[in-house]
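The following is a set of questions and answers on one protein chain. Please look at the sequence and the structure first.

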Amino acid sequence: IYPQQFYQEAPVINRHALEWLEANGSTRFLLFLHYMDPHDPYFEHPYNGVGYARASNQNPDPALAPSFSTLYDDEVRYLDGYLGELFDWLKAQGLYDNTLIILTGDHGEEFQEHGGWWHGQTLYQEQVAVPLIVKYPQSAGGGSINSDLALSLDIAPTILDLAGVPVPEAMMGRSLRGDTEPPAFAFAEEDHEGNLLQSLRSASHKLILANVDNPRGLPTEELFDLVADPGEQQDLFAAEPAVGQDLQEALRQVLTFALDRAVEGVGASLDAGMQEQLRNLGY
């Protein structure tokens with residue numbers, strides 16, 4: 001197994017990033033770096049050819065969960081070292097202090113917390129609760145932790161706000177800087193491999209709805225108290241019907257709001273050059 005068959009490793013991303021920064025770092029810039037190391041397949045480091053891939057084993061022995069989870073943690077530490085290399089370079093060039101840096105992920109991984117593996121089949125916290133770390137210019141507010149609900153939708157307004165660019169009224173989300181009101185709910189949905197899922201969480205509870213006879217075998221309705229049960233092991237849907245009904249109603253309102261503002265897709269053709277670019281990106 002070679003990492004390059006799946007993605008480019010962190011040192012390769014850093015090399016391209018530093019080359020670009022050397023050429024453009026003296027001007028105002030926006031740089032997006034997509035690191036893939038804490039992701040299936042999980043590789044041992046230092047790299048020795050050993051890796052575990054979803055493509056080769058969709059459903060490993062559950063007894064392997066602790067070792068897989070440890071290997072994933074090692075991937076996080078491996079990436080952390082290269083992020084440190086990048087930040088050290090920014091500091092040496094005098095760019096770090098005045099730069100907004102946002103670190104986040106698009107999903108987590110499941111290691112048998114709910115009887116499964118990998119990602120994309122459930123909306124439990126191990127898959128949808130991801131890091132969101134913001135380093136403001138001059139490290140304003142450094143070291144603080146904000147426990148309010150935050151969404152991936154908040155990243156773009158935050159960047160625009162810090163860059164001094166007006167945030168369009170139609171843009172969803174909020175700037176995380178300042179005293180903007182946090183959302184009352186966080187919505188997530190999934191449509192993958194026959195699993196049609198929706199979830200809505202408040203500061204304390206979370207509702208998950210799944211389609212009947214979904215391939216993953218998930219209950220059609222689940223309710224969890226995330227304060228008392230952050231691992232989502234005790235379903236309270238039958239025990240606390242009023243809370244479940246309130247979240248269902250809030251979910252309906254969220255969906256209605258989204259559908260009222262939905263846009264229609266239009267057909268388009270891609271020229272050969274664009275098709276080649278998309279193939280190079282893996283699409």
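The questions below concern a predicted model and go from the whole chain to single side chains.

Q: How many helices and strands are there in the chain?
A: The model is predicted, and local features need pLDDT of at least 70. Under the DSSP assignment, the chain has six helices and 10 strands.

Q: What percentage of the residues of the chain count as buried?
A: A residue is buried when its relative accessible area is under 20%. The chain has 283 residues, and the share that counts as buried is 35%.

Q: Among contacts between residues at least 6 apart in sequence, what percentage join residues at least 24 apart?
A: The C-alpha atoms fill a box of roughly 60 × 50 × 50 Å along the principal axes. Of the contacts in the chain between residues at least 6 apart in sequence, the part joining residues at least 24 apart is 55%.

Q: How far apart are the mean positions of the positive and negative charges of the chain?
A: The chain carries 14 positive and 43 negative charges.

Q: Is Arg216 buried or exposed?
A: Arg216 is part of the loop between strand 9 (205-210) and strand 10 (221-225). Its relative accessibility is 16%. The cut-off for burial is under 20%, so Arg216 counts as buried.

Q: Which residue has a side chain joined to that of Arg216 by a polar contact of 2.8 Å?
A: Leaving aside residues up to four places away in sequence, Arg216 touches several residues, including His114, Gln121, Thr122 and Asn195. The side-chain polar contact of 2.8 Å links Arg216 with Glu110.

Q: Why does the aromatic pair of Tyr42 and Phe111 tie together parts of the chain that are apart in sequence, and by how many residues?
A: A search of the whole structure finds 15 aromatic pairs. Tyr42 and Phe111 form a tilted one, with 5.7 Å centre to centre and 45° between the planes. Tyr42 is in strand 1 (residues 42-43) and Phe111 in strand 4 (residues 110-111), so the parts tied together are apart in sequence by 69 residues.

Q: What is the relative accessible area of Tyr42?
A: Phe111 is buried, with a relative accessible area of 11%. Tyr42 is also buried, and its value is 0%.

Conventions. Residues numbered from 1 in each chain as written. Predicted model: local features only at pLDDT ≥ 70, side-chain atom pairs only at ≥ 80, totals over all residues. Heavy atoms only, no water. Helix = DSSP H or I, 4+ residues; strand = E, 2+ residues; numbered from the N terminus. Buried < 20%, exposed > 50% of the residue type's maximum accessible area, 1.4 Å probe, protein only. Contact = heavy atoms within 4.5 Å. Lys, Arg positive; Asp, Glu negative; His and termini not counted. Charge placed at Lys NZ, Arg CZ, Asp CG, Glu CD. Polar contact = N/O pair within 3.5 Å; in protein donor to acceptor, adjacent residues only side chain to side chain. Phe/Tyr/Trp six-rings, centres within 6.5 Å; stacked < 30°, edge-to-face > 60°.
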